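The following report describes the fold and selected local features of one protein chain. The sequence and the structure are shown first.

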Amino acid sequence: MGQTHFGFQDVDEAEKARRVRGVFDSVASRYDLMNDVLSFGMHRLWKGYAVAVAGVRPGMSVLDIAGGTGDLARRFAEAVGERGRVVLTDINETMLRTGRDRLLDDGVALPAVACDAERLPFADASFDLVSVAFGLRNMTHKEAALAEMARVLRTGGRLLVLEFSRPAPLLRRPYDWYSFHVMPRLGGWIASDADSYRYLAESIRMHPDQETLKAMMQGCGFAHVDVHNLAGGIVALHVGVRC
């Protein structure tokens, strides 16, 4: 078992998995509320942009990885219609139950599968589109996860990775101040969990920047990768085409 990072700490890989699970167990019930507060509601616009870029059509098959509370899966389900299929997955069962229950409360019934993105329980070439929003940075072996996403995509299918990234130079200092001073305090006040939001800020800084992630995707089976910077690069949408 090797070493990896948990935020700014070096930990055993198994220890990271346990700690990440603990973070999302802790924040699941207030995850959407905290996303609204911390992003000033912008996360909904970023996800809406990703769905628009996806261009999902009726009858398509979509896999939403690390789908959390199901907001992307809900939008994809509306787009694919009754002839299509959307599968919601997350490694964290607490998050997955929260998302499934909220979807059911709104009359949306989707398959929900608890699984590790590094070992997806789906056949080769099963999906037209794979999405992962704000989840890749928490994965221990990102290349392994990206290779799995490529495996389950049909030739010409697309992967959408929506994730925090490296902002433009003028934004970096104020963004760091907000991330390390404001985010943990808000996490403590609203979710009674400052430590989890401190980890989330650190995990963003440890995530590959735009060009590094693009190269990783190209090395994992995606012939063409476009990068869409949002909010001055604070968030980036990577769109890769399976070769």
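## Fold and local features

Of the contacts in the protein chain with a separation of 6 or more, 68% are made by residues 24 or more positions apart. The model is predicted. Its protein chain contains nine helices and nine strands. Among the 243 residues of the chain, 52% count as buried. The accessible surface amounts to about 11000 Å², and carbon and sulfur atoms contribute 53% of that area.

Strand 9 covers residues 235-242 and is mostly covered, with six of its eight residues buried. Strand 9 has antiparallel pairings with two strands, as the table sets out.

| Strand paired with strand 9 | Residues | Sense | Bridges |
|---|---|---|---|
| Strand 7 | 153-164 | antiparallel | seven bridges |
| Strand 8 | 222-230 | antiparallel | eight bridges |

Valine 161 has histidine 238 of strand 9 as its bridge partner. Valine 235, also in strand 9, stands opposite leucine 230. Strand 8 and strand 9 form a hairpin with four residues between the strands, and alanine 231 in this hairpin adopts a positive phi near 50°.

Helix 8 comprises 13 residues, 194-206. At 1.5 Å a residue the helix should span 18 Å, and the distance of 19 Å between its end C-alpha atoms therefore agrees with that expectation. The buried residues of helix 8 are Ser196, Tyr197, Tyr199, Leu200, Ala201, Glu202, Ser203 and Ile204. In general, an α-helix has 3.6 residues a turn, so residues three or four places apart point the same way.

The C-alpha atom of serine 203 lies 6.6 Å from that of arginine 137, although the two residues are 66 residues apart along the chain.

A further feature is found on the surface. Phe40, Met42 and Leu45 form a nonpolar patch there, and together they present about 350 Å² of accessible area. Leucine 45, one of these patch residues, belongs to helix 3, which spans residues 42-54. The relative accessible area of leucine 45 is 56%, and the cut-off for exposed is over 50%, so leucine 45 is exposed.

Technical notes. Residues are numbered from 1 along each chain as its sequence is written. This is a predicted model: local features need pLDDT of at least 70, side-chain atom pairs count only at pLDDT 80 or more; totals for chains, interfaces and linings use all residues. Side-chain values use heavy atoms; hydrogens and water are left out. Patches are made of residues with over 30% relative accessible area and no salt bridge: like charges are joined within 9 Å, nonpolar side chains (Val, Leu, Ile, Met, Phe, Trp, Tyr) within 5 Å. Accessible areas come from the Shrake-Rupley method with a 1.4 Å probe; for residues, only the protein chains shown count as cover. A salt bridge is a side-chain nitrogen of Lys or Arg within 4 Å of a carboxyl oxygen of Asp or Glu. Buried means under 20% relative accessible area, exposed over 50%, partly exposed in between (1.4 Å probe, protein chains only). Contact means heavy atoms within 4.5 Å. Two strands pair if DSSP finds at least two bridges between them. The expected span of a helix is 1.5 Å times one less than its number of residues.
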